[in-house]
Amino acid sequence: MERLVRQAEKLQIHLNDRQIEQFKIYYEMLVEKNKVMNLTAITELDEVITKHFVDSIALASVYQEIKNPNDKILLLDLGTGAGFPGIPLKIAFPHIKITLMDSLNKRVKFLQSVIEELSLCDIDAVHGRAEEAARDKKYRECFDICVSRAVANLSTLSEYCIPFVRKGGKFISYKASDIDEEIKKSGRAIETLGGRLIIVNNIILPESDIERNFVFVEKVKATPKIYPRKAGTAAKNPLN
């Protein structure tokens, strides 16, 4: 796991022995479960370290606030899949209170087993679709941060994510390169949903040529009650 330690250090993230062991166990569980369930196409250790683990925690290099243990941040990882970025963020920054949400119950059960095996506290894995969960008072406009690495256009992701964010909080989307046009098309959606685009931070992941863009949207007013629309609508008919 020296590669993980080295790349994290280059992002000014320092991992102790316990955290390194947790990442190791997480990797082993991920690969083992992937034999019977499609969690990730990336299974080689070096690739998982850079493309999943380091990519997930790289948010801290552009959003320093999550490093502060005195800030009791409530974070939602929507469409978490195999647990990215939520579980790596939890391992690296254990003070963050995290909810992992995914629409596939089999993935949620895997995440619950990871949480138990790693003895992680203040983290829950819940089964739910964004369109339904965002109407639940338990989740709607309750989170300081909503993050997502999900593969969807920014307009669609905004409709899924912004309703979960409290006023003054942030929706942060993990995006690849060449997003100028996508950002331009998402302007109306972000504004309609109560958000305001504030910055796009761009980095290259350490020891790679992989570009990562973090799109920051601040929640400036309450999301209208009609959003998110019913299941499937945001993907088929984005608010462009």
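Predicted model: local features only at pLDDT ≥ 70, side-chain atom pairs only at ≥ 80, totals over all residues.
Biologist: Are helices H2 and H6 roughly parallel or roughly antiparallel?

Modeller: Helices (DSSP runs of H or I, at least four residues) and strands (runs of E, at least two) are numbered from the N terminus. The axes of H2 (residues 17-34) and H6 (residues 105-117) are 10 Å apart, at an angle of about 150 degrees. Angles under 35 degrees count as roughly parallel, over 145 as roughly antiparallel, 65 to 115 as roughly perpendicular and the rest as oblique. H2 is therefore, relative to H6, roughly antiparallel.

Biologist: How many nonpolar, polar and charged residues does the contact of H2 with H6 have?

Modeller: Contact means heavy atoms within 4.5 Å. H2 contributes Ile25, Tyr26, Met29, Leu30 and Lys33, while H6 contributes Phe110, Ser113, Val114 and Glu117. Ala, Val, Leu, Ile, Met, Phe, Trp, Tyr, Cys and Pro count as nonpolar, Asp, Glu, Lys and Arg as charged, and the others, Gly among them, as polar. The contact of H2 with H6 has 6 nonpolar, 1 polar and 2 charged residues.

Biologist: Is Lys35, in its salt bridge with Glu32, buried or exposed?

Modeller: A salt bridge is a side-chain nitrogen of Lys or Arg within 4 Å of a carboxyl oxygen of Asp or Glu, and Glu32 and Lys35 meet at 3.1 Å, N to O. Buried means under 20% relative accessible area, exposed over 50%, and partly exposed in between (1.4 Å probe, protein chains only). Glu32, at 47%, is partly exposed. Lys35 has a relative accessible area of 60%, so this residue is exposed.

Biologist: How many residues apart are Asp55 and Arg212?

Modeller: The closest N and O atoms of the Asp55 and Arg212 salt bridge are 2.7 Å apart. Asp55 lies in helix H3 (residues 45-57) and Arg212 in strand S7 (residues 211-219), distant parts of the chain. Both Asp55 and Arg212 are buried. Their separation is 157 residues.

Biologist: Which strands hold Glu218 and Arg196?

Modeller: The side chains of Glu218 and Arg196 form a salt bridge at 2.6 Å, N to O. The pair ties together parts 22 residues apart in sequence, because Glu218 lies in strand S7 and Arg196 in strand S6.

Note on methods: Residues numbered from 1 in each chain as written. Heavy atoms only, no water. Axes fitted to C-alpha atoms, helices over the stretch in contact; angles between N-to-C directions.
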